[in-house]
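Open the structure in your viewer and keep the selection tool at hand. The stops below say what to select and what is there.

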Amino acid sequence: MQSTRGLRLGVVAVVLMVCTSSLQAVVTFEFTYFDPAGVGFNAPGSGDAFKFVLEDMASEIGGLLDHTATVKIGVAPSEFDATGFSAAGGATFVDADLPSSFGFFDGEVINRVVNGLPHPGTAGACGGVECDGAMVVDLGYSWSTDSSPEPTEIHFRSVMLHELTHILGYGSFIGTTGTGFNGTTPDVYTKFDSFVTTSGGSPLIDPSGTPLFSPGLFPSVLASGTAFSGPFSIAAGGVGLAASDPSHSDDPSDVMTPTSPTGFVNDTWSPKEVAVLMDLGYVFGTPLVGDLDGDGFVGITDLNIVLGEWNSLIPPGDPAADPSGDSFVGIEDLNVVLGNWNAGTLPPPGSAVPEPTSFVILIVGAITLRRCRT
Ligand SMILES: [Zn+2]
């Protein structure tokens, strides 16, 4: 009864509370789904579950970043063959195939978020829709959209974090013989590539986009394992990259390991992964206390997360509903939300998502990762 009365008092307090919104930087992700009606992400029921997990993960990332920007992502028509990669994602590089200049390119997501630049317009388009990044998922695999995947299921939220991290710029254009996006010398490389070195710290590509090892040497250089040697990453203890795969981490406990998390959850960046993103220019804000859904604002959606799990044990309840961390959803958690009520900035109302009839799949050729296991 104690907790019920507390709940009532809390709800009254919500009604009486004065709106005192303060500015909080937030990055908003907008998705356009190119699956036909009734298929994949647009299938009733199952598609809604996939969309919810993807957009919830993106919202959480957006709340962590101390930038104000909107990132537009095109989700290509889903695959269903359950062979090859489970998903792929990357930023668009609208100027990567126009080699009027060479070297390291930021890509459109870093341009939006870190550099604060406006979208280039139709040049950066997926199927006629502006897009800063793109992804595709093979929905033919066995996916788990909840928090407890079966041993044979791939955890969807973990893979979505992996792909969104690629989209943020965690990825390389360095090919097996050292050439970049176009297969030329010199060539176009990612900002990420400007930090890729041998395990001993020697750069692989110079700022003019020229490989620093001969084509014959590159396979062994990559096979022996490279490193991401930005200053934050070095300070975090060093970041090793996977053998012959500089787009992924060599640490199997990282989100950015090349293999899919089958039967387990891996949906939180390690400190090393945060350090890589900081080297790419991202600034992480102080987490907004009480912002349980990570949308940059403490309000009714956060209150509903607590009320929806009221009196639950954590686990099995949603850990987000337990900001007090005492493994029980009760008055302490309610007070965390109410005590920070109206903090942050109200997210913009959802805008209508256009549904083009065709998707220019060529854009996948211009994303950071042309091949990716997860
Ligand atoms: Zn990957």
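Helix α8 covers residues 300–308 and helix α9 residues 331–338; their axes come within 10 Å and cross at roughly 180°. Axes here are lines fitted to C-alpha atoms, for helices over the stretch in contact, and angles run from 0 to 180 degrees between N-to-C directions. Helices (H or I, at least four residues) and strands (E, at least two) are DSSP runs, numbered from the N terminus.

Now show the side chains of D302, L303 and V306 in α8, which meet D333, L334 and V337 in α9. Two residues are in contact if their C-beta atoms, placed from the backbone, lie within 7 Å. By class, this contact has four nonpolar, no polar and two charged residues. Ala, Val, Leu, Ile, Met, Phe, Trp, Tyr, Cys and Pro count as nonpolar, Asp, Glu, Lys and Arg as charged, and the others, Gly among them, as polar.

This is a predicted model, in which local features need pLDDT of at least 70 and side-chain atom pairs count only at pLDDT 80 or more, while totals for chains, interfaces and linings use all residues. Residues are numbered from 1 along each chain as its sequence is written.

Next, select the open sheet of four strands, in the order β11-β12-β13-β14, with antiparallel pairing. Strands β11 (196–198) and β14 stand at the edges with a single partner strand each, so one side of each has no neighbour in the sheet. From one strand to the next the twist averages 50°. Two strands pair if DSSP finds at least two bridges between them.

Within the sheet, go to β12 (residues 226–228), which is joined to β13 by two bridges. Here F228 stands opposite V239 in β13. Move on to the hairpin of β13 and β14, which has two residues between the strands; in the turn, S244 has a positive phi of about 60°. Across this pair, L241 stands opposite S249 in β14.

How many of the five residues of strand β14 are buried? Four are, so β14 (residues 245–249) is largely enclosed by the rest of the structure. A residue is buried if 20 or more other C-beta atoms lie within 10 Å of its own, exposed if 12 or fewer, and partly exposed in between; C-beta atoms are placed from the backbone.

Last, select helix α4 (residues 156–168), where 13 of 13 residues are buried. After α4 comes G169, with a positive phi near 125°.
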